[in-house]
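Look at the structure below. This report walks through the surroundings of the ligand and then the nonpolar cores.

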Amino acid sequence: MSAPITLIGTGLAGYNLARELRKLLPDAALRIVTADAGDFYSKPMLSNGLAGNKTAAQLAMKTADKMREELRLELLTDTEVSAIDRERREIVTSQGRLPYSKLVLALGADPFTPGLAGSAADQVLSVNDLAGYARFRERLEGKQRVVLLGAGLIGCEFANDLVASGRQVSVVDLAAWPLSRLLPEQAGQRLRERLAAAGVQFHFGVSAVAVEGGEGEYRVSLSDGSVLEGELVVSAIGLRPRIRLAQAAGLAVSRGIVVDRVLRSSDPDIYALGDCAEVSGQVLSYVLPIMQAVRALAPTLAGTPTAVAYPAMPVVVKTPACPTVVSPPAAGSIGEWQIESSEAALRALYTAADGSLLGFALLGAATAERQTLAPRLPAILA
Ligand code: FAD
């Protein structure tokens, strides 16, 4: 019997690919190896589960056993892959060596918090999977004051969720406004005002340098010399694609695992998608690019090489205090922001000299315009 098509990872990338592959290859042997428990969940729910009082178990939409049965998988959970032996076409796992015919890396990304000193720096929590969410809920039990590092998409969502659950939240970010990489200043200031009105305390233009204390009493020192106190410290600073396995196996890596438009790495039998992959120079850590990648990679693995296409994919920011949808202009785009705002809505359009729309940010009631504006945006990868 030939070696199975093997996937590493049971996040949205791994499981959605398995589902599409099963449709195209009903009888093929499919193996998935994952370091986690293998329950199927939607990661975006992690940053709005608290106000809805959802436990980790409630966020798991299907157990690993159910996935195994439904997709007829050989599914190895709690199994870490430590190396790829490309010569023998085997992966080295905590359960031994396993052969593959084609290998797909759906490894996700690691949260990182750069340069934190202090005796309690290792107690700073990140919430990047179901187990991380379970720890977050457990450590939050009976706590009221949270210090949150990072005012990007994930930080703002957690901040909104925490205040909606009745907690006090202090958010620290080096930038001057929230979602600074996605929103123009005026839109960012609107988001800041609305989140502040909901109870979020922002500290912009500073970074956290050290965390001291422990056992529910932490002191976070900031770069301006001030100190914030909290019972829990959560980091939502950033994510780094997991490239270590690929790099150690000699595959081309840059910011992510480098793949071409058919999502093939520098080894023709190894593919990558999701948060770990860099497609034509782009690392897009969102759900919609994963769904586009799945649509291309499933037929490719089934024998019909299919290039991935990325249309414009606006991102919905789950901050009920200020509904926001953003599709930032591509890096290097030349244009200007035109911003109209009222009490209920803010509409920021980034347009080129010829009037073509290159990006947008829609806040409040303006989010209703997403469907009409999105088709006017250029594709990210045509
Ligand atoms: P992951 O879900 O991280 O899966 C990686 C898998 O690889 C895991 O199963 C892991 O166990 C396995 N693995 C890794 N290394 C190994 C190894 N060595 N051996 C075995 N297994 C291994 N995107 C949006 O579009 N909209 C949103 O609203 C949104 N909200 C978000 C909120 C939060 C809190 C977070 C953290 C992200 C959010 N995102 C959102 C981003 C989106 O959720 C991710 O882009 C997506 O879930 C990534 O899926 P993935 O399968 O690539 O990675």
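In this predicted model, 32 residues surround the ligand. The closest are D36, V81, D275, V287 and K318. What classes of residue make up the shell around the ligand? It has 15 nonpolar residues, ten polar ones and seven charged ones.

α1 (12–24), α5 (153–164) and α8 each supply at least two of its residues. α5 gives the most, with three residues.

The table lists them by residue.

| Residue | Atom in the residue | Distance to an oxygen atom of the ligand |
|---|---|---|
| A13 | backbone N or O | 2.9 Å |
| T34 | polar side-chain atom | 3.0 Å |
| V287 | backbone N or O | 2.8 Å |

How much of the ligand does the protein cover? On its own, the ligand has 1,000 Å² of accessible area, and the protein covers 93% of that.

Now turn to the cores. The largest nonpolar core has 56 residues. Within it, L17, I84, I91, L105 and L273 touch the most other members. Helix α8 (residues 287–301) provides the largest share of this core, seven residues.

Take L273 as an example. Which residues does L273 contact, leaving aside neighbours within four places in sequence? They are A13, L17, V104, L105, A106, A293, V294 and L297. One of these, A13, also has a backbone N or O atom 2.9 Å from a ligand oxygen.

Another core lies apart from the largest one.

Conventions. Residues numbered from 1 in each chain as written. Predicted model: local features only at pLDDT ≥ 70, side-chain atom pairs only at ≥ 80, totals over all residues. Heavy atoms only, no water. Core = buried A, V, L, I, M, F, W, Y, C linked by side-chain atoms within 4.5 Å. Buried < 20%, exposed > 50% of the residue type's maximum accessible area, 1.4 Å probe, protein only. Helix = DSSP H or I, 4+ residues; strand = E, 2+ residues; numbered from the N terminus. Contact = heavy atoms within 4.5 Å. Near = heavy atom within 4 Å. Polar contact = N/O pair within 3.5 Å; in protein donor to acceptor, adjacent residues only side chain to side chain. Areas by Shrake-Rupley, 256 points an atom, 1.4 Å probe, with all protein chains shown as cover. Nonpolar A, V, L, I, M, F, W, Y, C, P; charged D, E, K, R; others polar.
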